[in-house]
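Hi,

Here is the structure I promised to pass on. Have a look at it first, and my notes on what turned up follow below.

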Amino acid sequence: MAVDRSLIDKLAHLARIRIDDAEVPEVERSLNRVLALIDELQAAPTEGVEPLAHPLDARQRLRPDAVTEGDRREAYLALAPAAEAGLFLVPKVIE
Amino acid sequence: MHDLTVAELSRALARGECSSVELTRALLARIERLDAQLNAFITVAAEQALEQAAQADARRAAGECSPLLGVPIAHKDIFCTRGIRTTCGSRMLDGFVPPYDATVVERLAAAGAVLVGKTNMDEFAMGSSNETSYYGPVRNPWDLERVPGGSSGGSAAAVAARLVPAATGTDTGGSIRQPAALCGVCGLKPTYGLVSRYGMIAFASSLDQGGPMARSAEDLAILLGAMAGFDERDSTSAERPLPDYRKALDEPLASLTLGVPREYFGGALHPQVGAAVEAAIAQFQREGARIREISLPHSSLAVPAYYVIAPAEASSNLARYDGVRYGYRCADPKDLDDLYCRTRAEGFGAEVKRRILVGTYCLSAGYYDAYYEKAQRVRRLIRQDFLDAFAEVDLILGPTRAQPPPFPWAPRGTTRWPCTWKTCTPFRPVSPACPPCPSPAGSPRDCRWDCS
């Protein structure tokens, strides 16, 4: 399917990336090129072939349900663009 | 001294011909003098490096003697380093100073390696020319008008230019192999799960793998020996016994059968690359290896499958950059949505945004089965090709890249992406069950080509 403005708007919203009007033609062109390439997959005969998620077919490892990491709250909060009183700050969410 | 390999430096240090501090100082001076032309480093950590070198010298004086003790190396700027800025080549992480070390960083430091700095890379490892870095492109040391390959292009260029004897890289769809080939050095994408990814910034988690880059196979073996092994902090880390890689180097080739896939020859393969590979095959034959032609019939589907799987996983992994917990945040957000949307629009470069949008498309309602799940099925077909081949042969041999060191610089802002997948074909990118390991065949310096 061809990419158009409304699809780009939808993807930009889902991905939470603002795309300015001036960028739209270039984004449209490049997405169309990529989709043309990946559409080559559609011709592949995959009936009865199971999806492969892990090259070694590994299973998720389990570990005892115990705390393994110490409290590093201050170190992590120090990385935040805005933090106060042990909390990350964001613009007001609830009026 | 800068021309010595890790193994040679290791012997020189052991014999007391130089100290780690002297060696580190010499390489730092070389970086200072030459890197302005190459832009291989994003951050040089001179002070910390000299401290680590002094510690290495003290450890040696106390009787310790391991092959990496006191040897200077560089890390790709995708590995978190405690107290040293880690950018992943992105404005998004421009000021990010991690509070912890990646396992790879920790292990190499424990082995005594000295970290001189963090190397340049395509933004979030998305690129194969090193032109997408927020910190500017890296130049190929063999020819400054050419790209070094990517995304581990800073590491490849630094090793090729003798700024460091070895460096780490990461490979998702060719990001160690391709720059190693274009800069004429050795690189290895280890088997998935062999090298811990704890503290290695994620791009596409079912493909990402860290590995070594150096100037000899022996050095790769030394580095890999220090990097590899189970790590409980990485849920995808494999629990399996490790061979002695260095010892394996002495095994004769006479016992090996090498498979040469016919799909890797012809088509877009440049005659000079083909000739270099043929010469390598002849060399292996003289050493006693048997050569057998094999077929990997689904090879042509590898790149399309890669360009679904990698962007899909990237769109999910990069959702964490939201301007709240770390990294870049836009100025004066008017509400939470505005904070997310503008932070990500301003913090990510064009290539990263494009891939996130492609991935978002592939994973969106109504398209998941047609793209992501289809690509996962194709990936099993590709893996089966390799399993069938390895029933007959011990190794598979082929060109890393179909085309020689590319292309003159693209005007800034133009997109290189479609160019890379037709000409650069990261062979077998979605079958990481086997470790690909390029070694130099022909010199990038000898090549002059017209690039399409």
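This is a predicted model: local features need pLDDT of at least 70, side-chain atom pairs count only at pLDDT 80 or more; totals for chains, interfaces and linings use all residues.

Residues are numbered from 1 along each chain as its sequence is written, chains are lettered from A and ligands numbered from 1 in the order in which they are written, and side-chain values use heavy atoms, with hydrogens and water left out.

Back to the rings. Phe386(B) makes a tilted aromatic pair with Phe390(B), at 6.5 Å centre to centre and 35 degrees between the planes. (Rings of Phe, Tyr and Trp, the last by its six-membered ring, pair if their centres lie within 6.5 Å; planes under 30 degrees apart are stacked, over 60 edge-to-face, the rest tilted.) The two sit four residues apart in helix H13 (residues 369-390) of chain B, so about one helical turn separates them. Phe390(B) is partly exposed, at 32%. The whole structure has 13 aromatic pairs over all chains. Another tilted one joins Tyr367(B) and Tyr371(B), with 6.4 Å between centres and 40 degrees between planes; Tyr371(B) is buried at 4%. There is also a cluster made of Phe96(B), Phe124(B), Tyr321(B), Tyr326(B) and Phe348(B).

Now the charges. I get 26 salt bridges over all chains, counting a side-chain nitrogen of Lys or Arg within 4 Å of a carboxyl oxygen of Asp or Glu. In chain B, Lys118(B) and Asp77(B) come to 2.9 Å between the closest N and O atoms. Lys118(B) is in strand E3 (residues 114-119) and Asp77(B) in the loop between strand E2 (72-76) and helix H4 (103-110), so the bridge ties together parts 41 residues apart in sequence (helices, H or I with at least four residues, and strands, E with at least two, are DSSP runs numbered from the N terminus). Both of these residues are buried. Glu17(B) and Arg15(B), bridged at 2.5 Å, are both exposed. Finally, a salt-bridge network links Glu26(A), Arg29(A), Glu351(B), Arg354(B) and Arg355(B).

For the overall picture, chain B holds 14 helices and nine strands, and 61% of its 452 residues count as buried.

Cheers

Terms used: Buried means under 20% relative accessible area, exposed over 50%, partly exposed in between (1.4 Å probe, protein chains only).
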